Amino acid sequence: MSSEDLLSAFSSLEDGLIERSEAERPRASWQKWAGLAACLVLLAGTVFLTRGLWRPWLAPEAQGYGIGEASGPDGSARELGQSYAPGEKYMLSFQPPADRPASELIRGYKTEEEAEALLPRNGEVLFSAALRGAMAQYGDDVRYQVILDLFLDEAQLPAEKPGEAVREELQRLKDRGYWCSRLRFFEGGELKAAYFSFTGTRRELEAFSAAAGDFGYLFSLYGERVGTYASDTVIFVERPADRNPPANKEEGYVWIEGDSTPPATPHLPEN
Amino acid sequence: MTDEEIVALFWERDEQALQACEAAWGGYCRALAERFVSPEDAQECWIDALLRAWDAIPPEKPAHLRAFLAKLTRNLAIDRYRAGSAAKRGGGEGEAVLSELAGILSGRETAESVVAARELGEAVNRFVGGLPQREGDVFIRRCFFADTPSEIAARWGMSTGSVKVMLSHTRKKLRAFLESEGYL
């Protein structure tokens, strides 16, 4: 058998398979409305932030905490929950493991692209427009904090109550070098939202397909998903050693589950 | 005119079927052939494909006329590609796809191609049909249509890097599959 035989063999594909590959991604009607709604929310949020309408409701130490202002590495060290001046770059320093070089952590990125409702199919890996834009601008010299949404048969699997299959998948990804934390947001002692999060370089993210299993995978920047919580609540970072939420729960905090030690570099393909 | 109406013309042995095919899918099939051969050769492949379709329908009654014609045209283009000199080849993505597929064989090419051709086609069909839908679609876009990774990425809103990695992953799977089926 030669490579040309193999090339010819693809002409034996069933007509139906070939036609299927011609199909553009179908958009359900609700997705169009969701896209429109996302645009409106984005517009309202922009007005809210840029006009300073949010300041009266925030504690003084939280005023100025902005999102989506990434414009380039500024080298400043920040702690989660620390205030930001209006217009300041939305970027945090990252303390990497000893075997990795120090780098900036990109968590938000403002994109001019139209908001899109992405719905990965089984085995598919998609990146949000903001994440694509950030990776194109900042490249390989930084790390990105991303939120991972898992889908099965185009239905999103909740991170609030991950089932056995999700837990197994996260363990499998961890074994492949993609170490996910679960972030949980509480308000008034009640769980409001949860996300799977991890940080990676552009190369690690782009190589994720090689580690992908049978789920659909959607990556967004942290700021895209968690921004509404991060912008108007004081955030605490709980270390894995503190397995249980503190008794005196305050409004809004991040709870990180999982090991405290990230794994070695993901197993990247050779090319 | 719909594909069903065109197929009906074939069955009525009405030569307007050929004109209707040209109008509906001529550009599509020529563009596919040009991934492998020169534009002049692509045009000849398309004409030959129409003649083969005329001979095949009836008795055949393709449910997907576009794919049916595309396969005929692609087959002829690859035959011409194989027979032609490097200078006459399209030199485009077809060449790149061939190089990638050669990587799957990696020095294990044999001369037993004629015997295995039909079986190999069925095996490839089984392999692609068993992939997750998006992975299968991406692989078809690359290996059947010879789309570039950036074209595939644009089609489904993926990053080019993600497409390349997915393709690399799928080629490894194909190699393992061919080994398990005894082709390698």
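Of the 271 residues of chain A, 50% count as buried, where buried means under 20% relative accessible area, exposed over 50% and partly exposed in between, using a 1.4 Å probe and protein chains only. This is a predicted model, in which local features need pLDDT of at least 70 and side-chain atom pairs count only at pLDDT 80 or more, while totals for chains, interfaces and linings use all residues; side-chain values use heavy atoms, without hydrogens and water. Residues are numbered from 1 along each chain as its sequence is written, and chains are lettered from A and ligands numbered from 1 in the order in which they are written.

On confidence, the model scores ipTM 0.89 and pTM 0.49. Chain B has a mean pLDDT of 85, with 90% of its residues at 70 or more; pLDDT is the predictor's confidence in each residue, from 0 to 100.

Chain A has 7 helices and 10 strands, which are DSSP runs numbered from the N terminus (helices H or I, at least four residues; strands E, at least two). Helix 2 of chain A, residues 15-22, has 6 of its 8 residues buried, so it is largely enclosed by the rest of the structure. Among those buried residues are A:D15, A:E19 and A:E22.

Next, the cores. A nonpolar core is a set of buried Ala, Val, Leu, Ile, Met, Phe, Trp, Tyr and Cys residues joined through side-chain atoms within 4.5 Å. The largest has 74 residues, and those touching the most other members include A:F10, A:L13, B:F36 and B:L65. Helix 4 of chain B, residues 65-83, gives the most to this core, with 10 residues. Another core, of 32 residues, lies apart from it and includes A:I106 and A:L205.

Now a helix pair. In chain B, helix 2 (residues 16-33) and helix 3 (residues 39-56) pack at about 135°, with axes 9 Å apart. Axes are lines fitted to C-alpha atoms, for helices over the stretch in contact, and angles run from 0 to 180 degrees between N-to-C directions. Contact means heavy atoms within 4.5 Å. B:W25 of helix 2 and B:W46 of helix 3 are among the residues making this one.

Last, the backbone. Most residues other than glycine have a negative phi, and most peptide bonds are trans. Which peptide bond is cis, with omega near -20°? The bond from B:I57 to B:P58. The bond from B:P58 to B:P59 is also cis, with omega near 15°. B:A146 has a positive phi, near 60°, and is buried at 0% relative accessibility.
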